[in-house]
Amino acid sequence: MRGSEAKKVKWGIMGTGTIAEQFVADLAHTTNGVAYAVGSRQPGHAAVFAAQFGIPRAYGSYMELVNDPEVDVIYVATPHRYHLENTLNSLRAGKAVLCEKPITVNSRELDVLISAARERGLFVMEAMWTRFLPPMRKAMEWIQSGRIGEVRLVQAEFGIMADWEPEGRLLNPELAGGALLDVGIYPVAFASMVFGTLPREIWSTARIGETGVDEQFSALLTYPSGGIASLHGAIRLGLRNEAVIHGTKGCIALPSINKAPSVTLYIGGEAVETFADERKGKGYEYEAEEVGRCLVEGRTESALMPLAASMQVMEQLSTIRTQWGLRYPFE
């Protein structure tokens, strides 16, 4: 799409769940993208979704969606287990892909996905939307400019009290359910972004529920720099969902690790600066804007969210699950 500055990227939406609804609603706030088609395994769902958001085309299968010649990029918003299959099918149809997190279930799957994307020279990015939120980027700017000195400790947590639905995606091992892959990826990815490298050691523990997935976990990570991360996640326990980065000169606090509406810089225990953005949507528009920009520029990866960053996080998630002896039935 190089040289197509005035042309808006046409998005194909794969899946019609809550996250897809939020993404499409925010897509309306971008300058370079438009929802053009939606696909669902249930034709009625696609038609209703299309009518709700004014999307021109609705398909009763994912394959029809990826084979639409007008679609430039596919947003994969299906359950974790199907991310690899759905992304590979999109790539085989010549489509760029933005895949919801976790981009795959394990690092072996991600290896396959990366190879397929590079063989075809196609763009792929994990939808780690938090990396693109202005307050999150401001936090990284403060770190990189030395405002808090050397980072020594990251504390981050994300926990929700989900309804008891054993067959639902959060609790069902057949759908790669569990706290780590769904909400735990936020604190793990946050620490990975801050320290910028794989940890030297990981210690973790989990509460495995009656459905066989992790309902709650805690992890302690140490890094080559000597830094430490204390991370927690849960799907049957509501947490405060905060994140704090402690440095030798001060600290940075985010009241929400996922929504990140604002960020505050503390020096000597005093708040010296607070930054908040003026987003029009929930915040998904920033990652969508980045994808559109990359496609227009002919890039196959985002510099802000490269596949190497996704692999760095996925390797940690795989290591943590191995420590618990937790494997999904389909692995």
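Biologist: What makes up the lining of the largest pocket, by class?
Modeller: Eleven nonpolar, twelve polar and eight charged residues. Nonpolar covers Ala, Val, Leu, Ile, Met, Phe, Trp, Tyr, Cys and Pro; charged covers Asp, Glu, Lys and Arg; the others, Gly among them, are polar. The model is predicted: local features need pLDDT of at least 70 and side-chain atom pairs pLDDT 80 or more, while totals for chains, interfaces and linings use all residues. Residues are numbered from 1 along each chain as its sequence is written, and side-chain values use heavy atoms, without hydrogens and water.

Biologist: Why is one space called a pocket and another a cavity?
Modeller: On a 1 Å grid over the protein atoms alone, a 1.4 Å probe fits in a cavity but cannot get out, whereas a pocket is an open set with protein on both sides within 12 Å along at least five of seven lines. T18, I19, Q22, R169 and D182 are the closest to its centre among 31 lining residues.

Biologist: What makes M128 a lining residue of the largest cavity?
Modeller: Lining residues have an atom within 4 Å of a point. M128 is on that list, so M128 has such an atom. Others listed include Y186 and I257. Helix 7 (residues 179–195) gives the most to this lining, four residues; a helix is a DSSP run (H or I) of at least four residues.

Key: Helices (H or I, at least four residues) and strands (E, at least two) are DSSP runs, numbered from the N terminus.
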